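I opened this notebook to record what I looked up in the structure, one entry per region.

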Amino acid sequence: MTRAEQYFSDHNIPLTPIYLNESSATVELAAAALQTEPARIAKTLAFRLSEDRAIVIVAAGTARVDNKKFKEYFGVKAKMLTREETEGVTGFPPGGVCPFGLKDGVEVYLDSSLMAFHHVYPAAGTPNSAVLVNTRLLGEYTGGTWLNVCKLPEASL
């Protein structure tokens, strides 16, 4: 059982990962594999706020972190984890980071860019998986906090 599947089981969450024959490690690859628009892929971005504080922000696939909003909200400049740090900090490999079953202490934030969609596809813990989830239930399923630190290109919605 994968880390995400264990999380779903432990928390009585009725989600089932979709395992793909191809990579879903990037927004573009995931959208193609799932036959959906890139904006509907819920990408999970991992950041270090301090030596002992890491977070993930889940955002629409076409959204970009607005550095000014990030700094206003968190009080520090946005600094993404490196590929080498990602698995050790989050418990998931690059391309498979998801908001379900993160290592203890990693906080989950959900960007309002996701609210444009009824359902989104975050990764399910591996670089070739996803899970279809009702956007309004993401906060409940992840224990995440909603915020607004991203911006969307005009053509993405």
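The entries below concern a helix, a group of paired strands and a single asparagine.

**Entry on the model.** I note at the outset that this is a predicted model.

**Entry on helix α1.** I looked up helix α1, which spans residues 3-10. I found A4, Y7 and F8 buried in this helix. These residues lie on the same side of α1, because they cover an arc of only 100 degrees around the axis. I then asked what the buried residues of α1 pack against. The partner is α5, residues 138-142. Just after α1, I recorded a positive phi of about 55 degrees at N12.

**Entry on strand β3.** Strand β2, residues 41-50, pairs with β3 in the antiparallel sense, over 8 bridges. A hairpin of 2 residues links β2 to β3. Within this pairing, I located L45 opposite I57 of β3. I also found β3 running parallel to strand β5, residues 107-111, with 4 bridges between them. Here V58 stands opposite L110 of β5.

**Entry on N134.** Is N134 buried or exposed? It counts as buried because its relative accessibility is 18%, and the cut-off for buried is under 20%. Leaving aside neighbours within four places in sequence, I found N134 in contact with H118 and H119. The side chains of N134 and H118 are joined by a polar contact of 3.5 Å.

Technical notes
Residues numbered from 1 in each chain as written. Predicted model: local features only at pLDDT ≥ 70, side-chain atom pairs only at ≥ 80, totals over all residues. Heavy atoms only, no water. Buried < 20%, exposed > 50% of the residue type's maximum accessible area, 1.4 Å probe, protein only. Polar contact = N/O pair within 3.5 Å; in protein donor to acceptor, adjacent residues only side chain to side chain. Contact = heavy atoms within 4.5 Å. Arc of directions from axis to C-beta. Pairing = 2+ DSSP bridges.
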